[in-house]
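Subject: Structure handover

Hello,

Here is the structure I promised to pass on. Please open it alongside this message, so that you can follow along.

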Amino acid sequence: MKTVTIRYFAVLRERRGLAVEQKTTSCESVGDFVETLIAEHRLGLPPALIRVAIEGEFVDPADPLQEGSELVLIPPVAGG
Amino acid sequence: MKFSLSDAPIAAEHITHNAAGGFVVFEGKVRNHAEGRSVVGLEYEAFPEMALSQGEALVQEAIERFGLSEARVIHRVGQLTIGDTAVVVQTASPHRREAFEACEWIMDQLKWRVPIWKRETYSSGVAEWVVPGEAVSSPVDDEMFARQMRLPEVGPEGQAALAGARVLLVGVGGLAAGSLPSLVGSGIGTLGLVDADLVELSNLHRQTLFAASDVGRLKVERAAVFARRLRPELTVQTFPVRLAGGNAEQLVSGYDWIVDGTDSLNTKLLLDRVCQQLGRPLVTASVHQFEGQLMTIRPGGPCLADLFPEPPPEHCVGTCAQSGVLGVVPSLMGVLQANEVIKGILGLPVLDDKLLLFDFRTLEATTIRRKSSGELSSGSSTWDVDATSINLESFELVDIREPHETPELTRPHRKVPMAECYEVEWQRPTLFVCASGRRSYRLVADLRARGVRGVFSLQGGVECLERD
């Protein structure tokens, strides 16, 4: 099990109802973890439309999930 | 009809009017040079509906303004050669002076008020779309820009670069409320405005270019009035149309910098693609509730499609109308867009390799480094494959593009749109193909993250497949 921090942006924050949270998970990859978040919190976007960044860099869904990481979840934003 | 377009040589009958003592006829002809280059021919193209209505309004305005008895304008469209008549303006008034003045005024106004594009073909064989109107420099400017020119990064050279710059704002709403005043104030020479919408009451809390009395009127026209009030020397071109596949190239090609102020992801992705094709830098921004995103996209650099290759259904991501937005959010993001354009024109660093996320609740700015698809897939994954290094026969080929996308693949293949690929159980080694290799890369990355094996993405997309 590992504990990570998640920061939600834009429509994800709106749907989740909060900006930051910590979670403990057994997921091995970033992609797996994002999918569990989508299902658990009904984030309403397919995984392909959520980009994840860690420490200022975008990461791949296949990348391993590391203990203590802060994941920034970024959806596309349309408003102008 | 006082204003008309003609795709054949103009044969204008002279206007007559018993109350008029002065008749002026002006003929504009194609000359053999433009800004030091030798011209061999040109082509005019118009948005007919808009050109006709705006042209008609212009001639009517001239009649009222100068007290003319009659006026008429005929403009050519299509291919013209040296010496051909491009435009005929006829004015008639009781006395000659008004007829002369009105004729010149109509020609001046025509250039920036009526959407007609000119494509010059030079003796070198190169052809370019030219947006009419010249960058201006007047004694007024020296005083207006004195504080800015004092900056070592600007100076007279920087100010001249700004005066020569043509900037296109696509979408004249909340973001433009920030970008337009800052851009015009900086002294850019030419501003193009694209938006088909009318001002609505629900726009005013954030779209501060407009007044309550503007409700129901065209946004581009009211924004043009705002811009000219700020700087009368500015050349403003208005295009009351929606940017779409059919007009995007023409609109973008006439400008040096493109500023995305739209509220649609499909339009943003279209602009992204067209700017990459035509080699124009793009500054894009979006807002959501208390948040803004911004990035600058250089030709050949990481682009919007690298980040979000698949246009999502619009309702998935929330618009200002659905999710709400604080008025200052688009305004400030627009100011930051103008900052990017101004820095770009001055040759200063811009945000071309990062995405900026700005949270207006905490005033926290987060930047995330972006990579181009080339960098993303540069041999970092064994499943992102090059058509020349594999035996294509050993894969099941799957085209994940949308049904309308062309060209068709010539090799045997299955068609499964990307969104449906997540539900399929892939039995044999499968090679996914899309237009550029971006969507297939994301799909395979996602599938592999779910533990699916034997799935591969073709680098470079359809073109690389058909080349072999």
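Below is what was found, beginning with the chains and ending with single residues.

Please keep in mind that this is a predicted model.

**The two chains**

Chain A has 80 residues, and 48% of them count as buried. Two helices and five strands make up its elements. Read from the N terminus, their order is β-α-β-α-β-β-β. Take the contacts in chain A between residues at least 6 apart in sequence: 56% of these join residues at least 24 apart.

Chain B has 468 residues, of which 43% count as buried. Its elements are 17 helices and 22 strands. For chain B, 72% of the contacts with a separation of 6 or more come from residues 24 or more positions apart.

**Where the chains meet**

On the chain A side, 27 residues are in contact with 41 residues of chain B. Four elements of chain A each supply at least two residues to that side: α1 (10-16), α2 (30-41), β3 (51-54) and β4 (57-59). The largest share, three residues, comes from α1(A). By type, the chain A side divides into 16 nonpolar, six polar and five charged residues.

**A strand pair in chain A**

Look next at β1 (residues 2-8) and β2 of chain A. Six bridges join the two strands, which run antiparallel. T3(A) has T24(A) in β2(A) as its bridge partner. How many of the six residues of β2(A) are buried? The count is zero, and β2 (residues 20-25) of chain A is hardly covered.

**A four-stranded sheet in chain B**

One open sheet of chain B has four strands in the order β1-β5-β7-β2, with mixed pairing. β1 (3-6) and β2 (22-29) of chain B stand at the edges. Each has a single partner strand, so one side of each is left without a neighbour in the sheet. On average, neighbouring strands here are turned by 10° against each other, direction ignored.

Inside this sheet, β5 (residues 70-76) and β7 (residues 85-93) of chain B pair in the antiparallel sense over six bridges. A71(B) has T91(B) in β7(B) as its bridge partner. Helix α1 (residues 48-66) of chain B packs on the sheet and touches β1, β5 and β7 of chain B. The direction of this helix makes about 140° with that of β1(B).

**A five-stranded sheet in chain B**

Another open sheet has five strands, ordered β18-β22-β21-β19-β20 (chain B), and its pairing is parallel. Its edge strands are β18 (384-385) and β20 (414-415) of chain B, each of which pairs on one side only. Helix α16 (residues 438-449) of chain B packs on this sheet. The helix touches β18, β21 and β22 (455-458) of chain B, and its direction makes about 165° with that of β22(B).

Within the sheet, β19 (residues 396-399) and β21 (residues 430-433) of chain B pair in the parallel sense over four bridges. There, E396(B) stands opposite T430(B) in β21(B).

**Two crossing helices**

Now turn to α6(B) and α13 (residues 328-346) of chain B. Their axes come within 6 Å and cross at roughly 40°. The crossing is right-handed. On the α6(B) side, the contact includes G174(B), A177(B), G178(B) and S182(B). On the α13(B) side, it includes P330(B), G334(B), A338(B) and V341(B). The residues of this contact divide into eleven nonpolar, eight polar and no charged.

**One residue to look at: V172(B)**

V172(B) lies in the loop between β10 (166-170) and α6 (174-186) of chain B. Is V172(B) buried or exposed? V172(B) is buried, because 33 other C-beta atoms lie within 10 Å, and 20 or more are enough to count as buried.

Which residues is V172(B) in contact with, leaving aside its neighbours within four places in sequence? They are L193(B), D195(B), K219(B), V220(B), A223(B) and G261(B). One of them, L193(B), is 21 residues away in sequence and 6.8 Å away in space, C-alpha to C-alpha.

Best wishes

How values were computed: Residues are numbered from 1 along each chain as its sequence is written. Chains are lettered from A and ligands numbered from 1 in the order in which they are written. This is a predicted model: local features need pLDDT of at least 70, side-chain atom pairs count only at pLDDT 80 or more; totals for chains, interfaces and linings use all residues. Two strands pair if DSSP finds at least two bridges between them. Two residues are in contact if their C-beta atoms, placed from the backbone, lie within 7 Å. Axes are lines fitted to C-alpha atoms, for helices over the stretch in contact, and angles run from 0 to 180 degrees between N-to-C directions. A residue is buried if 20 or more other C-beta atoms lie within 10 Å of its own, exposed if 12 or fewer, and partly exposed in between; C-beta atoms are placed from the backbone. Ala, Val, Leu, Ile, Met, Phe, Trp, Tyr, Cys and Pro count as nonpolar, Asp, Glu, Lys and Arg as charged, and the others, Gly among them, as polar. A crossing is left-handed if the near helix is turned anticlockwise from the far one by less than a right angle, and right-handed if clockwise.
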